[in-house]
Amino acid sequence: MQILSRLTCLINRHRPNRRKVVWTGKQFSGRCKHCGHTIMRQGHRKWRLDPATARYGEPETMRHSRN
Ligand SMILES: [Zn+2]
């Protein structure tokens with residue numbers, strides 16, 4: 001089951017640690033209990049990485065700005 005959980009994280013489907021879920025004023029925010037990333041609730045049982053804190057690679061624009 002652990003491996004299955006990791007796979008769902010890789011395709012951006014996360015499960016929140018319910019004790020850490022908070023209401024931000026706009027939506028629910030929490031931590032994925034499998035991968036530990038900050039996630040935002042986007043619908044019923046739909047939790048996606050918070051784009052502001054996502055660390056899956058760097059955006060292209062940031063990489064090029066160093067040159
Ligand atoms: Zn996750």
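Is Arg45, with its C-beta neighbours inside 10 Å counted, buried or exposed? With 9 such neighbours, Arg45 counts as exposed. Keep in mind that this is a predicted model.

**The overall layout**

Let's start with the chain as a whole. The protein chain has two helices and four strands, and reading along the sequence gives the pattern α-β-β-β-β-α. Of its 67 residues, 12% count as buried. As for contacts between residues at least 6 apart in sequence, 19% join residues that are at least 24 apart.

**The sheet**

The four strands form an open sheet in the order β1-β2-β3-β4, and the pairing is antiparallel. At the edges stand β1 (22-23) and β4 (46-49); each has a single partner strand, so one side of each is left without a neighbour in the sheet.

Now go through the pairs. β1 and β2 run antiparallel and are joined by two bridges. Here Trp23 stands opposite Phe28 in β2. Next, β2 (residues 28-31) is joined to β3 (residues 38-43) by three bridges, again antiparallel. If you want to find that pairing on screen, look for Gly30 opposite Ile39 in β3, or for Arg31, whose bridge partner in β3 is Thr38.

Which residue in the hairpin of β1 and β2 takes a positive phi? That's Gly25, and the hairpin has four residues between its strands. The hairpin of β2 and β3 has six residues between the strands, and there Gly36 takes a positive phi. Asn12 has a positive phi too, though it is a residue other than glycine. Arg45 likewise has a positive phi although it is not a glycine. Here are the values:

| Residue | Where | Phi |
|---|---|---|
| Gly25 | hairpin of β1 and β2 | near 105 degrees |
| Gly36 | hairpin of β2 and β3 | near 85 degrees |

Arg45, with 9, counts as exposed.

Trp47 is found in strand β4. Why does Trp47 count as buried? Because it has 21 C-beta neighbours inside 10 Å, and the cut-off for buried is 20 or more.

Which residues does Trp47 touch, leaving aside its neighbours within four places in sequence? The contacts are His14, Arg15, Pro16, Ile39 and Arg41. Ser29 is 18 residues away from Trp47 along the chain, and their C-alpha atoms are separated by 8.8 Å.

Trp47 also belongs to the largest nonpolar core, a set of five residues whose other members are Cys9, Cys32, Ile39 and Met40. In soluble globular proteins, nonpolar side chains tend to be buried together.

Key: Residues numbered from 1 in each chain as written. Predicted model: local features only at pLDDT ≥ 70, side-chain atom pairs only at ≥ 80, totals over all residues. Pairing = 2+ DSSP bridges. Contact = placed C-beta atoms within 7 Å. Core = buried A, V, L, I, M, F, W, Y, C linked by C-beta atoms within 7 Å.
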